[in-house]
Amino acid sequence: MNQTPYDTSGFPTAYPAPLTGHFRVLPADFIVDEQMDFALSGEGEHLWLQVRKTGANTDWVGNQLARCAGISGKDVSYAGLKDRHAVTTQWFSLQLPGRDDPDFAALPPEIEILAQSRHDKKLRRGALSGNHFSLTLRHCTGDFAEAAALCQQISQQGIPNYYGEQRFGHNFGNLRKAERWFAEGIAPKQRTQRSLYLSAARSWMFNYILAERVRTGTWNQRLPGDVFMFEGGNAWFADDVADATIQPRLDALDIHPTGALWGRGELDTQAQARELEAAQTALFPVFCAGLEKQGLKQERRALRIKVGEVGFEVLDAETVQLSFELPPGSYATVFMEQLGDFSSKSVPVR
């Protein structure tokens, strides 16, 4: 029933990828710290907790916090999901109107509370400035000097903004279920499942658009009819062929070309950019029809992301320490794919 075989190995990288190795050999090899850029008021009905979790997924941690607080899981909020096979630091908020701070002494050892404060608003999805990653790559082979130089190049030019494999589910299960839903008309019962499947279908089509731009060398370049997005924002604007400032702003990573997130309505691109997007999305008629039927509207996503504070340190003959900062909605695994071919060797965790 597949419209096309699901395989991310066909998505080209923008850089030569000089290394091979393993990542996530241990949870501590993959460290993620959530970045926030606003202050808490110190009072209000929402208790904010900065949590360090080890080898656990975000929803499970939220349920454990709710259990200790004696509230429903629906009253626990977080800005975004964090990697399961990792050590991650992130914020949660618990709605506790008229109640004292709970005792969290009974939390499982995988969860450590680092800080807490009251605030007058709950934590909203996406309300973070970015994520800082510190990764230990083991059993590495290849040209370390070339990889270090590549990291500097990435810090200056950015990377393709692919959606990572985790977006599509284990063995592409989210895509397969989306296709079955759209083809047979049997909708998932849970809203969270519907959201996952819609996002997966949209993201897969976006990746095909981006892959073609990478193949043609235009993922970070101006293409006639393009639509551009501002760095650090979600607003976009159409190309003006008479605007001589576009290319310098692209070179400075102040703006980025965008790709379609499919839905109802016309593509915002024109000319060559629209032809490319139309050709790639036409490969997925079932997804196009299904997304439109569910009422999603045309949106845009930057084809490129700016990578901050890139660090590359050789620890020994086979081990590398990699650090970098990514904006919300970006994937560390996509960064790693630009650097080399790394397979996950996760240890079993909750």
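**Exercise 1. Determine which residue forms a salt bridge with D29, and where the two partners lie in the chain.**

Solution. Begin with the criterion: a salt bridge requires a side-chain nitrogen of Lys or Arg within 4 Å of a carboxyl oxygen of Asp or Glu. D29 meets this condition with R138, the closest N and O atoms being 2.8 Å apart. This is a predicted model, in which local features need pLDDT of at least 70 and side-chain atom pairs count only at pLDDT 80 or more, whereas totals for chains, interfaces and linings use all residues. Residues are numbered from 1 along each chain as its sequence is written, and side-chain values use heavy atoms, with hydrogens and water left out.

Next, locate the partners, taking helices (H or I, at least four residues) and strands (E, at least two) as DSSP runs numbered from the N terminus. D29 sits in the loop between β1 (19-23) and β2 (30-35), while R138 belongs to strand β7 (residues 130-142), so that the pair links distant parts of the chain, 109 residues apart.

Finally, classify the exposure, where buried means under 20% relative accessible area, exposed over 50%, and partly exposed in between (1.4 Å probe, protein chains only). D29 is buried because its relative accessible area is 3%, and R138 is partly exposed because its value is 26%.

**Exercise 2. Work out how E212 and R215 are separated within helix α4, and classify the exposure of each.**

Solution. The two residues form a salt bridge whose closest N and O atoms are 3.4 Å apart. Both lie in helix α4 (residues 191-215), and because they are 3 residues apart there, about one helical turn separates E212 from R215. E212, at 22% relative accessibility, counts as partly exposed, and R215, at 48%, also counts as partly exposed.

**Exercise 3. Describe the salt bridge between E266 and R274, including the exposure of each residue.**

Solution. The side chains of E266 and R274 meet at 3.9 Å, N to O. E266 is exposed, with a relative accessible area of 61%, whereas R274 is partly exposed at 25%. In total, the structure holds 13 salt bridges.
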